[in-house]
Amino acid sequence: PDIENDLIILHHLLTASHNEMTKWEVYLAELESGHLKWGILHTEQFFKNNARKLEGPKSDFAPVKELIQLISQREDDETVAVACYDLGEFVRYYPNGKSIAKRLGAKQVVMPL
């Protein structure tokens, strides 16, 4: 009986972990597409859970750099608005996010808006 309960708990944990990972992968795909749309990936809760992932796999903050680039291109108003929101949530939830965003040039891109 204990093994059955342990397996059920393990299954639930793995399922939850997979769902979270999938949301992050969808976010990265949307970011790489260059067209951001309001939705479940652009929420306070999403960034509370995923702000650290914005470091990128090489710890070079590549996703943050992509957000800044999308803002600077100003091709689509919705994309710019969502990118500004996402950048703001990074600043809010990532330790020292404000100084990192500033160092990457976010302030110069966002302030003229």
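Predicted model: local features only at pLDDT ≥ 70, side-chain atom pairs only at ≥ 80, totals over all residues.
Local features need pLDDT of at least 70 and side-chain atom pairs count only at pLDDT 80 or more, while totals for chains, interfaces and linings use all residues. Residues are numbered from 1 along each chain as its sequence is written, and side-chain values use heavy atoms, with hydrogens and water left out. A search of the whole structure finds nine aromatic pairs (Phe, Tyr and Trp rings, the six-membered one for Trp, with centres within 6.5 Å; planes under 30 degrees apart are stacked, over 60 edge-to-face, the rest tilted).

**Pair W24–Y27**
- W24 and Y27 are stacked, at 5.4 Å centre to centre with 25° between the planes.
- The two residues are three apart in helix α1 (residues 2–33), which means about one helical turn separates them (helices are DSSP runs of H or I, at least four residues, numbered from the N terminus).
- Both W24 and Y27 are buried (under 20% relative accessible area, 1.4 Å probe, protein chains only).

**Pair Y27–F46**
- Y27 also pairs with F46: the ring centres are 5.3 Å apart and the planes are at 45°, so this pair is tilted.
- Because Y27 lies in helix α1 and F46 in helix α2 (residues 44–50), the pair ties together parts 19 residues apart in sequence.
- Y27 has 0% relative accessibility and so counts as buried; F46 is buried at 5%.

**Cluster**
- W24, Y27, F46 and F47 form one aromatic cluster.

**Charge over a ring**
- R52 lies over the face of Y94, 5.7 Å from the ring centre (NZ of Lys or CZ of Arg within 6 Å of the ring centre and within 35 degrees of the ring normal).

Technical notes. Buried < 20%, exposed > 50% of the residue type's maximum accessible area, 1.4 Å probe, protein only.
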